[in-house]
Amino acid sequence: FSSVEAILEKYIPEEELGEVKRVMYGCNMGAPVPPLEVPANIQEQASSNDFEIQAYKMTAASEQLRPPRIVKIGLIQNKVVLPSTAPFKEQRQAIFDRIRLLLDAAGEAGVKIACLQEAWPMPFAFCTREKHWLEFAESAETGESVKFCQELAKKHGMVVVSPILERDEAHGATIWNTAVVIGNNGNVIGKHRKNHIPRVGDFNESTYYM
């Protein structure tokens, strides 16, 4: 198994495949979203480090007063590296090491805005009600993941959107699901805290913020 796209392209006729992709991915300016060729050196990094990379071109309506420009945006979906039973410090460091590979590849590919996944420095524990996962919470200004992303943002001259579990020590150590935005110079531009907390059946994410 390589990817869903590879299976679809292998078994679905071309005419029907276009409609399947329209339903799955939508359209861009009324047209299918075309793939882009990934440079060979970036593909080699992906193969060597066991991650998959895809690239697509999205267009926007022309403006009257400004010429068009190209902005490369990277969306990163990672996986945990160590078992969730491993010491937390080791789990976090293993994720950091993995994300470094991905952000370095993104930087070499010319990405200018890199977006990491929700609560990326930890296992996605929101589907449980186990409070010990709150040990991964950190400052949105001086936390370990913030300093890590500042280093890589400055190295590659790119903005990094880093969603973390925030601990607000100034207000009673309140826990927030927060996206920290780090500028291309390594500065913290700001943060956005998630306010709409999902509750579906027995899944109640608000358990973590009480």
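User: How many bridges join strand 4 to strand 5, and do they run parallel or antiparallel?

Analyst: This is a predicted model, in which local features need pLDDT of at least 70, side-chain atom pairs count only at pLDDT 80 or more, and totals for chains, interfaces and linings use all residues. Residues are numbered from 1 along each chain as its sequence is written, and side-chain values use heavy atoms, with hydrogens and water left out. Strands (E, at least two residues) and helices (H or I, at least four) are DSSP runs numbered from the N terminus, and two strands pair if DSSP finds at least two bridges between them. Between strand 4 (residues 174-182) and strand 5 there are five bridges, and the direction is antiparallel.

User: Which strands are the edge strands of the sheet?

Analyst: Five strands form an open sheet of mixed pairing, in the order 1-2-3-4-5. Pairing on one side only marks the edge strands, strand 1 (73-75) and strand 5 (188-193).

User: At what angle do helix 1 and helix 2 pack, and how are they oriented to each other?

Analyst: Axes are lines fitted to C-alpha atoms, for helices over the stretch in contact (heavy atoms within 4.5 Å), and angles run from 0 to 180 degrees between N-to-C directions. Angles under 35 degrees count as roughly parallel, over 145 as roughly antiparallel, 65 to 115 as roughly perpendicular and the rest as oblique. Helix 1 (residues 4-11) and helix 2 have axes 10 Å apart and pack at about 155°, and are therefore roughly antiparallel.
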